[in-house]
Amino acid sequence: MYYVVLNAFIVKKKMTPKQKQRFILVSLLVVGLGSGIGLVLMALSENINLFFTPSQVVAGEVPPEQRFRIGGMVTLGSVEKLNGELTVLFKLNDSVKEVQLKYDGILPDLFREGQGIVAEGKLNENGVFIADQVLAKHDENYMPPEVQHALKVSGGDYDNKETTK
């Protein structure tokens with residue numbers, strides 16, 4: 001049943017079977033489309049990996065419990081392998097600030113001090129970045145674009161000699 005307003009009079013009319021069928025079809029399409037869009041947006045928001053520099057991490061710009069990528073240069077003299085384990089502790093810098101990273105696994109062959117890397121993971125409650133994945137550059141002239149841009153913005157000199165904490 002639906003209402004029609006004609007010259008200030010309200011007239012009740014029943015829907016014809018064809019109108020009911022259209023109404024149900026349109027309603028189901030709207031609900032289905034809304035559910036599909038909601039599921040896609042939820043999946044996309046869970047798979048977003050934001051990129052931050054060590055300066056941004058130290059400044060507290062990273063949302064809590066958020067997975068993200070951090071990029072910079074491995075600080076010279078900071079790589080420490082724990083005896084008998086695959087766990088490696090090292091520091092990452094952007095020529096301004098430094099962040100401690102912990103990675104449990106086999107590092108890429110090209111990983112070494114003074115090289116640009118990107119790591120993916122989460123920040124723990126102590127401010128240590130727990131990396132799930134470490135990506136190293138693939139030749140002597142390559143630097144990930146995000147790291148290169150971040151170093152330029154922070155005034156980095158690319159030679160990884162000095163950082164301030």
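This note goes through a few features of the structure, point by point.

1. **The model.** This is a predicted model, in which local features need pLDDT of at least 70, side-chain atom pairs count only at pLDDT 80 or more, and totals for chains, interfaces and linings use all residues. Residues are numbered from 1 along each chain as its sequence is written, and side-chain values use heavy atoms, with hydrogens and water left out.

2. **Helix α1.** Helices (H or I, at least four residues) and strands (E, at least two) are DSSP runs, numbered from the N terminus. Helix α1 covers residues 17-46. Its 30 residues should span 44 Å at 1.5 Å a residue. The expected span is 1.5 Å times one less than the number of residues. The end C-alpha atoms are 44 Å apart, which agrees. α1 is hardly covered: its count of buried residues is 0. Here buried means under 20% relative accessible area, exposed over 50%, and partly exposed in between (1.4 Å probe, protein chains only).

3. **S95.** Look at the loop between β6 (87-93) and β7 (98-104); S95 sits there. S95 is not a glycine, yet it has a positive phi of about 70°. Is S95 buried or exposed? Its relative accessibility is 16%, so S95 counts as buried.

4. **Aromatic pairs.** A pair of aromatic rings is described by the distance of the centres and the angle of the planes. Rings of Phe, Tyr and Trp (its six-membered ring) pair if their centres lie within 6.5 Å; planes under 30 degrees apart count as stacked, over 60 as edge-to-face and the rest as tilted. By this rule there are 3 aromatic pairs. One of them joins F52 and F68: the centres are 5.4 Å apart and the planes at 90°, so the pair is edge-to-face. F52 lies in strand β3 (residues 50-52) and F68 in strand β4 (residues 68-74), so this pair ties together parts 16 residues apart in sequence. Both F52 and F68 are buried.

5. F129 lies in strand β9 (residues 129-136) and F68 in strand β4, so the pair ties together parts 61 residues apart in sequence. Both F68 and F129 are buried. F52, F68 and F129 form one aromatic cluster.

6. **Helix α3.** Which residues of helix α3 (residues 145-153) are buried? They are V147, A150 and L151. The face turned away from the buried side carries the exposed residues P145, H149, K152 and V153.
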